[in-house]
Amino acid sequence: MSDFQRKTIRDYARTYESGEDSPPDVIERALEAVDDTRADNPALGAFLALRRKEIRTRAEDAAARLAAGEPRSVLEGVPIAIKDAIDVAGYHTTAGTTFQGARLAESDGVLIQRLRAAGAIIFGKTSLHEIGLGGTGVNPNQKTARNPYDTGRMTGGSSSGSAAAIAAGICPVALGSDAGGSIRIPAAMCGIYGLKPTFGRIPRGGGALLAWSLDHFGPLAASVQDLADFYDATAGEHQYEEHTKGQPPVERIDKIKPANLEDIRLAWCPAMAEDASTPVAHQFFEALGRIGDAGALVQEKHTELLPLAQKAGYVTMASEAAATQRDWLEEHRHKLNLDTRLLLAVGERVTAPEYLHAQRVRKLVREEFSSLLERFDVFVTPTCACTAPALTQEALTSGEVNSKVNSAVSRYTFLANVTGYPAVTIPAGTDRVGLPIGLMIHGPAWKERDLLAIAATIDALMPPMPKPRIFYDI
Amino acid sequence: MASDDREVILNGHALRAVVRAAETPLVGIGVKKRLFSQLGLDELFELDLREYMNPETILSAKPARHEEESADE
């Protein structure tokens, strides 16, 4: 439960229905907030592009449908920001680079089509870590988003701008992508919510691919319910996307029915918690205590292979990213940030035996995880092993590689990517200087409805979060 | 398990030099190996998968390892 409340999708829906508010007014306030953040020093850096005329027209259209009593869904008239890693018609898709997206996208990516069909207003493109290949959000070549809790700190990445926009209250939901934690890391560091769905549950068409076996699209949001509303509008197979086909039918969620605490069986593993920084570990164990005291079964499990997920993920991501970027590299390598170039150079040198060994270990990790989730409903870890690191001048100017930060930000997040199982992050308090800490809840494949029901129950037990220093009550 | 706990920070000229080395054909292999080692990937590559049954033949109802050993007696 939050000390202050960010406006949620359903808050907007309520005020639209009652006539207290309207999409055009909400959009004007959101645009003013964006202008305000751009005038700040340092600027928040959340947004790269906004087609104001089009956004205003869509807001008028939404208002007309609401006035006619014909909202398309609970998302009608709600602004949703989009990570600049998926095509939105009329925008460039830069993927955080200075050279991709030279031409305007002619059509919307699949997710954007589904969001528009649900009545959502596509509210511009947000900044990201270059090509999505990083967990800090630092992008010297383009724009580095600042953490609304402390603008001298990173947001985390790679969906950095999306996280900053939500945390600052500018919109209730934003699209992110996640190949190693890129939805959940910035969501945790910015004190908001994030969902990486089951691999293949949500289509990726029109998206800039980083690592084909790890990439997911999903929401960052102001609440668990917002994650569910986004999921309802976007989940399901797509006729042209092989990896979405054959999935079990989507269990639509609508209004979440929180799970009963006494029915929840929760596992955690010392090897994926005790090595976090002191404040993160402290809040993690506090959270476990609250959950156990409230009646859930909380059990410590020692696992052999799960901690290897990050390592298998690194090798997979580096290699697959080098492959997907291959054709860009020939001409544009020198235009990339130095940290991106380093990771891609390493990825180019991953040998076939190394990559294949990582895939075989992935299978074992998935097997062990699957077995664990047959006996437990969820598995929990801290989202990141650290809070938002400080932004250094060197990082902002020339880019920086920090081995400790890189290890800590994605230490626990890769598990959900290498297995493909869904995971959600919720805020779980702060450290002593007020930096947010996230709790990550993993569930079985295809069971997003159950996962979000449990997340909602656990969320109600978490301590209130403070208001960020940069916040707009739209 | 955590990777190497020593913090290595590269920026500015030092980072540029490492990137140049990483992008150089033979030298780059050495950079990769060092970075992988710093990330703790030795543990991944040293894992002998024969001890876990070949992942490609895992069945959903596989016997526990101690049951397999007693079958040999």
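Is strand β11 (residues 378-382) of chain A largely enclosed by the rest of the structure or exposed, and why? Five of its five residues are buried, so β11(A) is largely enclosed by the rest of the structure. Welcome to this predicted model; here are a few places to start looking.

**Strand β11 and its partners in chain A**
- On one side of the pairing list is strand β9 (residues 265-268) of chain A, joined to β11(A) by three bridges, with the two strands running parallel.
- To find this pairing, look for Leu266(A), whose bridge partner in β11(A) is Val378(A).
- Strand β14 (residues 436-442) of chain A is joined to β11(A) by four bridges, and these two strands run antiparallel.
- Here Pro382(A) has Leu439(A) of β14(A) as its bridge partner.

**Helix α7 of chain A**
- Eleven of the eleven residues of helix α7 (residues 224-234) of chain A are buried, so this helix is largely enclosed by the rest of the structure.
- Among the buried residues are Val224(A), Asp226(A), Phe230(A), Tyr231(A) and Thr234(A).
- At the start of α7(A), a side-chain oxygen of Ser223(A) comes to within 3.4 Å of the backbone nitrogen of Gln225(A).
- After α7(A) comes Gly236(A), with a positive phi near 130 degrees.

**A helix pair in chain B**
- Helix α1 (residues 12-22) and helix α2 (residues 27-38) of chain B have axes that come within 7 Å and cross at roughly 120 degrees.
- Val18(B), Ala21(B) and Ala22(B) of α1(B) make the contact with Val27(B), Gly28(B) and Val31(B) of α2(B).
- Five of these contact residues are nonpolar, one is polar and none is charged.

Terms used
Residues numbered from 1 in each chain as written. Chains lettered and ligands numbered in written order. Predicted model: local features only at pLDDT ≥ 70, side-chain atom pairs only at ≥ 80, totals over all residues. Heavy atoms only, no water. Buried < 20%, exposed > 50% of the residue type's maximum accessible area, 1.4 Å probe, protein only. Polar contact = N/O pair within 3.5 Å; in protein donor to acceptor, adjacent residues only side chain to side chain. Axes fitted to C-alpha atoms, helices over the stretch in contact; angles between N-to-C directions. Contact = heavy atoms within 4.5 Å. Nonpolar A, V, L, I, M, F, W, Y, C, P; charged D, E, K, R; others polar. Pairing = 2+ DSSP bridges.
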